[in-house]
Amino acid sequence: MGTALSADILLRYGGSLPRYTSYPTAAQFDASVGAAQAEDWLRAVPAGMPVSLYLHVPFCDSLCLFCGCTTSVMRDAAGRAAYAALLADELRRVAALLGPGHPVRHVQWGGGTPSALPAESMRMVMETIRCLFAVRADSEIAIELDPRALPDDYPDVLRAQGFNRASLGVQDFDPVVQMACGRIQSRARTEECVAQIRRAGIRSVNIDLIYGLPYQTVGSVGETAATVAGVLRPDRLAVFGYAHVPWKQKRQELLPEHALPGPAERLAQRERIDAVLRAAGYRGVGLDHYARPDDMLARAAEAGTMRRNFQGYTVDPAPVLVGVGASAISAFPQGMTQNDVSTASYIRRMAARPDGLPVARGLCRSAEDRLRGEVIERLMCDLRVDPLALAGRSGQAASVQAAGWFAQAGPALRQAAADGFVTLDGSMIRVTEAGRPFLRHIAALFDAYHRPGTGRHAAAL
């Protein structure tokens, strides 16, 4: 890409943008869609259709100042166990609506810190899933882990429950950055955690890195990336730009804002990480992921079958994702729903309707939403899309619609082509390697809800 970007390019591609883990994005959710729609959509899932499960645990042992997730500190083991019991209860409600024995090929535990649940509670919830759903032996069962807070008994639990993928947060090994962010995590502890989960039979390990944090430099992020690639040797990496959203997460107000790098420095940090990881044999995947060439994600990216959902890039092809737990989001062909965000509200809603779902808001998707969503997803996953060809599969009316979108996006696409970020061949859009950091900008051209200069999203660069 090169770090010498002109001031006008930095200005042109500045502002804020959604991350496009869904379309429409969660910013469009409201209370007009709730539990009734979610329950209807679950009943409408055809028998035998695979679904995926996402289970959210909103607890951490300590709060990282940069984190934008909805989490809290709960030290009471009984409270954590009670929350696990609610997860099992919600799973039973979901299964009652779906019908028994639905195939499940992907189970994802996220948070927060899922290992905050007592080991026996984790076993109980996993056994509930296996009792209610048809979980195949080759299903992907994944979990997010904090190396600082992995209980000694958890690797054995993960082995016994069939977990085969784990994602570990590293972010940055620089002690100055760690101190500023309130996350002290040694390289030695991280190495031991990776060794523990490898010994437990988890065959796929993902590491998360972040650039754009206070006091980070091009040199420091490069050193962390080199250590991770050379010593930890994960199968995949996710490299996120820090999202400074203090209006959403008050804890971020405690970060030294004066020490946050600007857009040009952030892009230079991203470029250094990219160069280090590619030199170590990783392939760039989508906007911000990397994978070894033999990893399933890299193969799916090559084949054009990679998907993107609320957990990021995935090989999961299931058309239905069911979110369980506080703030969890579910996705259906008809629309999306989100459970009550706060844990206290989630508990109250679960108690209010013994057989109902704890859904607080959501949206219905129109045929146009689904088509635009497919265009955006293919851009985010494949770095190329032909909107008119996609629309042509849906009939004449969709083709006319897509032609209008493409014409409207034309001036910005031609500017992006002049900047070297895309190439245009008829209605085929290809994002160049130089354009990869600007992928969200290209996707936003097909977002009917996005209004530049409005909304409160993460920084675009």
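This is a predicted model: local features need pLDDT of at least 70, side-chain atom pairs count only at pLDDT 80 or more; totals for chains, interfaces and linings use all residues.
Residues are numbered from 1 along each chain as its sequence is written, and side-chain values use heavy atoms, with hydrogens and water left out.

The cysteines come first. The structure holds 0 disulfides, a disulfide being a pair of cysteine sulfur atoms within 2.5 Å. Cys64 is in no disulfide, and the nearest cysteine sulfur, that of Cys67, lies 6.4 Å away. Cys64 has 8% relative accessibility and so counts as buried (under 20% relative accessible area, with exposed meaning over 50% and partly exposed in between, for a 1.4 Å probe and protein chains only). Cys181, at 1% relative accessibility, counts as buried as well.

The next stop is strand E16, residues 335-339. Helices (H or I, at least four residues) and strands (E, at least two) are DSSP runs, numbered from the N terminus. In a regular strand the side chains alternate between the two faces of the sheet. In E16, Gly335, Thr337 and Asn339 point one way and Met336 and Gln338 the other way, and all are buried. Because 5 of its 5 residues are buried, E16 is largely enclosed by the rest of the structure.

Which strands pair with E16? Strands pair if DSSP finds at least two bridges between them. Strand E15 (residues 329-331) is joined to E16 by 3 bridges, and the two run antiparallel. E15 and E16 form a hairpin with 3 residues between them. Strand E17 (residues 359-364) is joined to E16 by 5 bridges, again antiparallel. Thr337 of E16 stands opposite Ser330 and also opposite Gly362 in E17.

There are 3 cavities of 30 Å³ or more in the structure. On a 1 Å grid over the protein atoms alone, a cavity is a set of points where a 1.4 Å probe fits but cannot get out, and lining residues have an atom within 4 Å of a point. Grid points are joined across faces, edges and corners, and a volume is the space filled by probe spheres set on the points.

The largest cavity holds about 160 Å³ of space. It is lined by 15 residues, of which Tyr211, Gly241, Leu287, Arg440 and Ala460 are the closest to its centre. Strand E9 (236-241) and helix H9 (263-279) are the elements that give two or more residues to this lining. By class the lining has 9 nonpolar, 1 polar and 5 charged residues, where Ala, Val, Leu, Ile, Met, Phe, Trp, Tyr, Cys and Pro count as nonpolar, Asp, Glu, Lys and Arg as charged, and the others, Gly among them, as polar.

The second largest cavity has a volume of about 70 Å³. Of its 13 lining residues, Val322, Gly323, Ser330, Leu357 and Val359 are the closest to the centre. At least two lining residues each come from helix H2 (35-43), helix H3 (77-98), strand E14 (320-324) and E16.

Helix H3 also contains Arg80. Arg80 is buried, with a relative accessible area of 10%. Not counting residues up to four places away in sequence, Arg80 touches Phe59, Cys60, Asp61, Met74, Arg75, Ala116, Leu117 and Pro118, contact meaning heavy atoms within 4.5 Å.

Key: On a 1 Å grid over the protein atoms alone, a cavity is a set of points where a 1.4 Å probe fits but cannot get out, and a pocket is an open set with protein on both sides within 12 Å along at least five of seven lines; lining residues have an atom within 4 Å of a point.
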